[in-house]
Amino acid sequence: MSSTLEIENQKIVKKSLYDYQIADLNRIFDVLENAPDNYNLLYQLPTGGGKTVIFSEIVRRYIKKHKKKVVILTHRIELCKQTSKVLHGFDVNNKIINSKVKELPDQDQYECFVAMVETLNNRLNDEKLKLEDIGLVIIDEAHYNSFRKLFKFFDNCFILGVTATPLSSNIKLPMKDNYKELIVGDDISTLIKNGFLATADVYNYDVSLNSLKIGINGDYTVKSSEALYTNATMQGKLLFAYEELSKGKKTLIFNNGINTSKEVYYTFKRAGYNVRHLDNTSSKQDRKDILKWFKTTPDGILTSVSILTTGFDEPSVDSIILNRATRSLTLYFQMIGRGSRIHKNKSEFKVIDLGNNVIRFGPCSQPVDWQHIFKNPDYYLENLRLDEDIERDFIYEMPDSLRKRFKKNPNDTFDIKIEYKNVIRQGHKSMKAIENSIAQHSKLVIANSEDVFEARDLAKLLHDDICYRIKQYCYCIMNSTKNYKDWLLEEYTRKLRLSFNGKF
């Protein structure tokens with residue numbers, strides 16, 4: 001059996017469920033039938049697993065059996081529209097409560113209401129709107145805390161929260177305070193193995209995050225992220241990573257900050273690529289036009305700011321670039337999830353990580369103990385890997401495209417930490433390790449160059465390798481101040497360029 005979430009041109013498509021969806025649905029109904037009317041249950045299923053399809057069938061069965069009405073709460077208007085269409089596919093007569101709906105004189109004509117959380121909260125607090133005979137409330141993307149304010153209006157209702165990540169967006173308001181129980185669906189690796197999700201092919205690039213600041217919400221601040229990711233070095237690294245791994249693929253780039261996304265747009269535009277920018281200040285028409293363009297452009301690049309992490313499904317996306325760092329497990333899974341849906345012959349997709357996210361959280365397909373995280377969110381958050389530890393353990397590997405430029409002498413034998421130990425053991429000063437590193441790089445470049453001009457160009461391609469060696473050397477000598485590393489990089493580059501003189 002198959003199911004699809006794509007409903008185009010307002011056409012309603014009849015739905016059917018996969019076996020794993022039916023199994024989860026039955027587990028949820030077992031709780032619903034045996035628990036008190038005011039029980040709060042949470043259900044977890046990865047992005048792309050079909051949560052909307054599952055809870056739409058729950059709505060259909062619940063209404064048929066209990067003869068009561070259902071409210072579905074979302075935090076985005078796009079999710080309201082998508083949910084309403086899927087419900088129609090299950091023959092559930094529903095109405096969207098948006099900002100235009102002030103009263104509901106016709107509510108007897110509907111079995112289900114799909115509402116934006118802020119809109120419904122305003123209407124219920126103003127007492128301009130009263131929902132009658134509600135027995136079940138379903139909360140989509142339940143990890144967002146904006147829904148809590150509405151619980152008081154549904155004291156005697158069964159509440160079902162659904163999410164891909166049962167970890168609250170506010171570390172001070174754990175989900176276990178509002179939900180009695182968690183049901184966990186199939187994990188990502190199982191869905192991949194059974195052909196329901198695409199495999200993420202992940203590539204990490206070494207990024208120093210020392211300049212990032214953590215805000216009161218527990219994640220990196222936009223201001224510090226913008227300062228790092230808008231600079232020329234990071235923009236160059238991003239462009240190089242795209243050209244190395246994703247050139248010609250439909251690519252979605254996630255950023256932390258509007259200025260960063262705009263800078264990405266200009267960087268790719270100057271390089272001659274087919275790119276658009278989208279953020280929450282874009283008009284509805286611009287958003288609609290850009291998403292239509294992205295859908296129909298095979299090599300399209302869309303750079304955005306968080307707006308496409310939920311309520312956006314484009315299965316034809318072939319490449320995801322995390323041009324940001326985050327400490328939010330939810331956001332991490334949401335971003336990667338935008339590429340995980342299977343599509344035609346697509347069974348895998350690229351993930352380029354420029355924020356140490358995969359190392360921080362682990363591969364997205366590795367098993368996650370959601371029950372433990374649900375019950376002990378503080379323990380999980382307190383044990384996230386520190387950025388300094390991540391950077392210390394990072395091992396640089398020369399990309400394949402660079403190896404081709406240096407094929408006469410592959411650059412995979414020099415280890416600065418081993419070199420440091422050797423020179424100290426031999427009684428030399430530690431700087432001897434840097435001098436030996438420069439000599440090795442010099443031989444590598446000269447062996448693959450025809451003249452000094454080509455040598456200088458090739459030396460520029462070693463920038464990431466040089467930065468990595470300097471960082472590791474600074475760990476060895478326990479001097480990691482920014483000023484010292486900047487000076488050392490400048491000296492290293494200067495001496496490397498001078499080493500080419502008289503060699504051709």
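This is a predicted model: local features need pLDDT of at least 70, side-chain atom pairs count only at pLDDT 80 or more; totals for chains, interfaces and linings use all residues.
Q: How many helices and strands does the chain have?

A: Helices (H or I, at least four residues) and strands (E, at least two) are DSSP runs, numbered from the N terminus. Here the chain has 20 helices and 13 strands. Its C-alpha atoms fill a box of roughly 90 × 45 × 45 Å along the principal axes.

Q: And what share of the residues is buried?

A: Buried means under 20% relative accessible area, exposed over 50%, and partly exposed in between (1.4 Å probe, protein chains only). Of the 504 residues, 53% count as buried. The accessible surface, by the Shrake-Rupley method with a 1.4 Å probe, comes to about 23900 Å², and carbon and sulfur atoms hold 48% of that.

Q: What do the contacts say about sequence separation?

A: Contact means heavy atoms within 4.5 Å. Take the contacts in the chain with a separation of 6 or more: 73% of them are between residues 24 or more positions apart.

Q: Can we look at one residue? Is S225 buried or exposed?

A: S225 is buried, at 1% relative accessibility. You'll find S225 in helix 6 (residues 222–229). Setting aside neighbours within four places in sequence, S225 contacts L212, Y220, N256 and T260.

Q: What does S499 touch?

A: Not counting residues up to four places away in sequence, S499 touches S442 and I446. S499 sits in the segment after helix 20 (482–498).

Q: On to charges. How many salt bridges are there?

A: A salt bridge is a side-chain nitrogen of Lys or Arg within 4 Å of a carboxyl oxygen of Asp or Glu. By this rule the count is 20.

Q: Which parts of the chain does the K350 and D201 pair tie together?

A: Those two side chains form a salt bridge at 3.8 Å, N to O. K350 lies in strand 13 (residues 348–353) and D201 in strand 8 (residues 199–204), so the pair ties together parts that are 149 residues apart in sequence. K350 is buried, with a relative accessible area of 15%, while D201 is partly exposed at 25%.

Q: Which other salt bridges can I check?

A: Among them are R270 with E263, at 3.9 Å, N to O, and D393 with R385, at 2.8 Å, N to O. R270 is exposed at 64% relative accessibility, whereas E263 is partly exposed at 28%. R385 is partly exposed too, at 31%. There's also a network of salt bridges linking E57, R60 and R61.

Q: Which residues form the positive surface patch?

A: A patch takes residues with over 30% relative accessible area and no salt bridge; like charges are joined within 9 Å, and nonpolar side chains (Val, Leu, Ile, Met, Phe, Trp, Tyr) within 5 Å. The positive patch is K81, K100, K284, K288 and K292. Its largest share, three residues, comes from helix 9 (residues 284–296). K284 belongs to that helix and is exposed, with 75% relative accessible area.

Q: Last one: where is phi positive in a residue other than glycine?

A: K67 is one of the cases, with phi near 55°. K67 lies in the loop between helix 2 (51–66) and strand 2 (69–74) and is exposed, at 62% relative accessible area. K344 has a positive phi of about 50°; K344 sits in the loop between helix 10 (329–337) and strand 13 and is exposed at 77%.

Technical notes: Residues are numbered from 1 along each chain as its sequence is written. Side-chain values use heavy atoms; hydrogens and water are left out. Lys and Arg count as positive and Asp and Glu as negative; His and the chain ends are not counted. The place of a charge is taken as NZ of Lys, CZ of Arg, CG of Asp or CD of Glu.
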